[in-house]
Amino acid sequence: MDSDEVLASEILGHGAYFCLRRSSDGDVAKAAAAPIHSLAQRLGLRNEFDPGETPPAESIAFLRRQGATPADIDDDAVLQADWVIHVASKRPETITELSAETARLISPAVRVHVLQGVRRPPSYTGAAMTKWAYERQVVQQPGTAMPNAFLVPMSKTAEWWRKDWMERHTYFLPTYDDEGRMRAEGHALTTEAGIACLLRRTYRSATHPAPDGAYDFLTYFECADRDVPTFHQVCAALRDVKRNPEWRFVREGPTWHGRRVASWKELFS
Ligand code: HEM
């Protein structure tokens, strides 16, 4: 009963964020002219800037830095990233090949740091939560409609991972005192305002807890300009441990804010 073996272990896909940073060596103009577009095409990756009716499973996205905010976990590779590339694929080899080729094409002018994870079925979500939190969520929109991208990598503490899955599950729902008064909203209710306007995507580490130096979760959000305040409000609400006690066990990496652009070249314009 108390074993993680009951949680879904199936891998639905793989994903990575390549954090790219200008270095003092080399010629950035040469990196900007690198044939990343044809590389992505050869690997069968569709551009998420224009996702179409059904967002593609094999995809690539280009994000240009707007800013970044440090948090509990020091991570200069994320905090200082000038650009981020997102890649999603059912085949881990696609990510390996894209990262190796990208690094070969753009170094030494641009350094590449890869954050990678897997997509699994949700752990704590039953039928009602599926309807409530997923079926009415905004799906990916074109970059022109939802230009903001936020990468928020994070881990949970050893204390969290020592809890069995049933106890961990309780943090996603409200809790009540003996008189039936709500004590804390928990993760899901705290974030309700974001369901309709924040696209969300979470990759998990292949093993939990993640190996040293890696994150347990790579969370990512997209939204329209008018909804940026909602993104910040939802994050602030999650961090309020009176409303959401789960966050007592969270250690966040930097929040990186980017702008979705249509192509590799546009990252540099
Ligand atoms: C925008 C509205 C949001 C909704 C409706 C929402 C809802 C949920 C739900 C239902 C789960 C449980 C998934 C499961 O069954 O495994 C979950 C997990 C998670 N959410 Fe959110 N969330 C939102 C925003 C956020 C934000 C802003 C962050 C981070 C800043 C975040 C970070 C996470 C993480 C890391 C997990 C996995 C936790 C774990 O398995 O221990 N969520 N979310």
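**Close-up views of a predicted model**

**View 1. Helix H9 in the shell around the ligand.** The largest share of the shell around the ligand comes from H9, which contributes three residues; the model shown here, as in the views that follow, is a predicted one. At least two shell residues are supplied by each of helix H5 (127-135), strand S6 (148-156), helix H8 (186-190), strand S9 (199-204), strand S10 (217-223) and helix H9 (228-239). Among the 22 residues around the ligand, those that come nearest are Pro 122, Tyr 124, Thr 125, Thr 191 and Gly 194. By residue class, the shell around the ligand is made up of 14 nonpolar residues, seven polar ones and one that is charged.

**View 2. Strand S10 and its two faces.** S10, one of the elements that supply at least two residues of the shell around the ligand, is mostly covered, with seven of its seven residues buried. In a regular strand, side chains alternate between the two faces of the sheet. In S10, Phe 217, Thr 219, Phe 221 and Cys 223 point one way, whereas Leu 218, Tyr 220 and Glu 222 point the other way, and all of these residues are buried.

**View 3. The strands that pair with S10.** S6 and S10 run antiparallel and are joined by seven bridges, and within this pairing Val 152 has Thr 219 of S10 as its bridge partner. S9 also pairs with S10 in the antiparallel sense, over six bridges, and here the bridge partner of Arg 201 in S10 is Tyr 220.

View 4. The largest nonpolar core holds 49 residues, of which Tyr 17, Phe 18, Cys 19, Leu 20, Val 84, Ile 85 and Leu 151 touch the most other members. When its neighbours within four places in sequence are left aside, Cys 19 is in contact with Ala 77, Val 78, Ala 81, Val 84, His 113 and Leu 115.

**View 5. The protein chain as the setting for the close-ups.** The protein chain has 10 helices and 12 strands. Its radius of gyration is 19 Å, close to the 18 Å that the globule rule gives for 269 residues, so the chain is as compact as a globular protein of that length. The C-alpha trace spans about 65 × 40 × 30 Å along its principal axes, and 32% of the 269 residues count as buried. Of the contacts with a separation of 6 or more, 78% are accounted for by residues 24 or more positions apart.

Terms used. Residues are numbered from 1 along each chain as its sequence is written. This is a predicted model: local features need pLDDT of at least 70, side-chain atom pairs count only at pLDDT 80 or more; totals for chains, interfaces and linings use all residues. A residue is near a molecule or strand if its C-beta atom, placed from the backbone, lies within 6 Å of it. Helices (H or I, at least four residues) and strands (E, at least two) are DSSP runs, numbered from the N terminus. Ala, Val, Leu, Ile, Met, Phe, Trp, Tyr, Cys and Pro count as nonpolar, Asp, Glu, Lys and Arg as charged, and the others, Gly among them, as polar. A nonpolar core is a set of buried Ala, Val, Leu, Ile, Met, Phe, Trp, Tyr and Cys residues joined through C-beta atoms within 7 Å. A residue is buried if 20 or more other C-beta atoms lie within 10 Å of its own, exposed if 12 or fewer, and partly exposed in between; C-beta atoms are placed from the backbone. Two residues are in contact if their C-beta atoms, placed from the backbone, lie within 7 Å. The radius of gyration is taken over C-alpha atoms; the globule rule is 2.2 Å times the number of residues to the power 0.38. Two strands pair if DSSP finds at least two bridges between them.
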